[in-house]
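Please read the following points with the sequence and the model open beside you.

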Amino acid sequence: MLSKKPRRLDCREKIDFKTREKMDQRAILDHQFTVAAYVITWAIQLGYVAWLALKWRAQKRAAARANRNQH
Amino acid sequence: MKKLAIGLYVAVTVALLGWAFYQAIYAAPDEQTMHEVQRIFYYHVPSAMVAFLFFAISLAGCIGFLAFRRNRPDWAQVSDAWALAGAEVGVVFCTVVLITGPLWGRRAWGIWWTWDARLTTTLVLWLIYVSYLLLRRFAAGPQVQTLAAVLGIFGALDVPIVYMSNRWWRTQHPAPVFGGGPDSGIKDPAMLAAFGWNVLAWLAWGLLILALRYHVERQHQKYAAQEALDALEET
């Protein structure tokens with residue numbers, strides 16, 4: 001007797017992580033845009049903090065070097 | 001003691017950001033017409049609010065610099081550091097607004113950008129403050145701080161125009177969520193909570209990086225003053 005093989009998901013289909021239901025194309029795009037907005041926000045904020053930390057460190061080093069040269 | 005207080009503030013801010021993220025993504029329900037993409041609102045609007053606050057701090061710093069530059073040079077330098085820190089961190093938050101807005105607009109309206117009053121005035125605000133930062137970065141001479149302060153005051157004049165733009169003119173941008181008439185406001189308590197937590201979290205984060213930027217600028221001013229003094233002594 002032939003057993004029915006479970007249908008494989010199309011590569012474009014996604015499962016909603018909360019409801020476990022199949023997402024339609026519109027929901028997938030909505031999800032991708034929301035993720036993009038959140039990721040970009042964090043990238044900008046953390047990128048700025050990293051740049052600021054590097055600037056602070058360079059400034060500290062320059063001040064220490066100037067002090068050493070003075071003595 | 002000071003280090004402990006700073007560490008505690010950083011820990012509370014990180015916890016707040018995590019909680020606000022949970023509220024925005026998991027706790028708040030899907031909006032009826034826009035569905036999931038409406039969740040961009042929880043990052044977009046608080047970022048705009050924080051940007052406006054920091055541009056106001058920059059305005060106060062610019063006015064302070066112009067007021068104290070002749071008779072109280074120390075106060076003028078402190079004011080100038082606040083002006084620069086407010087403008088720079090404000091630009092960071094305004095950049096977030098200008099990127100998350102079109103991402104929402106592409107799904108909600110079908111277009112990335114339109115030249116309506118709210119969007120255009122926000123872009124102009126961003127351009128004015130970017131030019132303020134470029135002036136601070138690349139111009140040289142004794143008048144740079146004064147010129148930047150004047151530009152900063154003109155930039156801040158755009159903030160109330162941005163805020164009122166979708167009240168004064170018919171715009172494609174959604175109507176004001178708060179203070180926009182009897183129909184405005186968030187009706188769902190879970191959505192309102194998510195919004196409130198995100199405002200609080202981004203404000204705490206913004207104040208943290210504002211304080212860091214101010215500290216870096218003050219150090220830079222002291223270092224530059226010392227260098228100038230050493231150069232004078234050598235001659």
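1. B:M164 counts as partly exposed, because it has 14 C-beta neighbours inside 10 Å (buried means 20 or more other C-beta atoms within 10 Å of the residue's own, exposed means 12 or fewer, and partly exposed is in between, with C-beta atoms placed from the backbone). This residue is found in helix 5 of chain B, residues 144–168 (helices are DSSP runs of H or I of at least four residues, strands are runs of E of at least two, and both are numbered from the N terminus). Between B:M164 and B:W109, which are 55 residues apart along the chain, the C-alpha atoms are separated by 22 Å.

2. A word on conventions belongs here: this is a predicted model, in which local features need pLDDT of at least 70 and side-chain atom pairs count only at pLDDT 80 or more, while totals for chains, interfaces and linings use all residues. Residues are numbered from 1 along each chain as its sequence is written, and chains are lettered from A and ligands numbered from 1 in the order in which they are written.

3. Chain A has one helix and two strands, and from the N terminus on its elements run β-β-α. Of its 71 residues, 8% count as buried. The mean pLDDT of chain A is 79, with 65% of its residues reaching 70 or more (pLDDT being the predictor's confidence in each residue, from 0 to 100). Among the elements of chain A, the lowest mean pLDDT, 63, belongs to strand 1 (residues 14–15), and the highest, 90, to helix 1 (residues 25–70).

4. Where does B:I40 lie in chain B? B:I40 lies in the loop between helix 1 (2–27) and helix 2 (41–68) of that chain, and it is buried because 25 other C-beta atoms are within 10 Å. Leaving aside residues up to four places away in sequence, B:I40 touches A:T34, A:A37, B:T100, B:L103 and B:W104 (contact meaning C-beta atoms, placed from the backbone, within 7 Å). B:I40 and B:T100 are 60 residues apart in sequence, yet 6.8 Å apart in space, C-alpha to C-alpha.

5. The loop between helix 1 and helix 2 of chain B also holds B:H35, which has a positive phi of about 55° although it is not a glycine. B:H35 counts as partly exposed because it has 15 C-beta neighbours inside 10 Å.

6. Between the chains, 22 residues of chain B are in contact with 21 residues of chain A. Helix 3 (73–108) and helix 6 (189–234) of chain B each supply at least two residues of the side of chain B that touches chain A, and the largest share of that side, nine residues, comes from helix 3 of chain B. By class, the side of chain B that touches chain A divides into twelve nonpolar, five polar and five charged residues (Ala, Val, Leu, Ile, Met, Phe, Trp, Tyr, Cys and Pro count as nonpolar, Asp, Glu, Lys and Arg as charged, and the others, Gly among them, as polar).

7. The axes of helix 3 and helix 6 of chain B come within 8 Å and cross at roughly 135° (axes are lines fitted to C-alpha atoms, for helices over the stretch in contact, and angles run from 0 to 180 degrees between N-to-C directions). Helix 3 and helix 6 of chain B are therefore oblique to each other, since angles under 35 degrees count as roughly parallel, over 145 as roughly antiparallel, 65 to 115 as roughly perpendicular and the rest as oblique.

Notes
Two residues are in contact if their C-beta atoms, placed from the backbone, lie within 7 Å.
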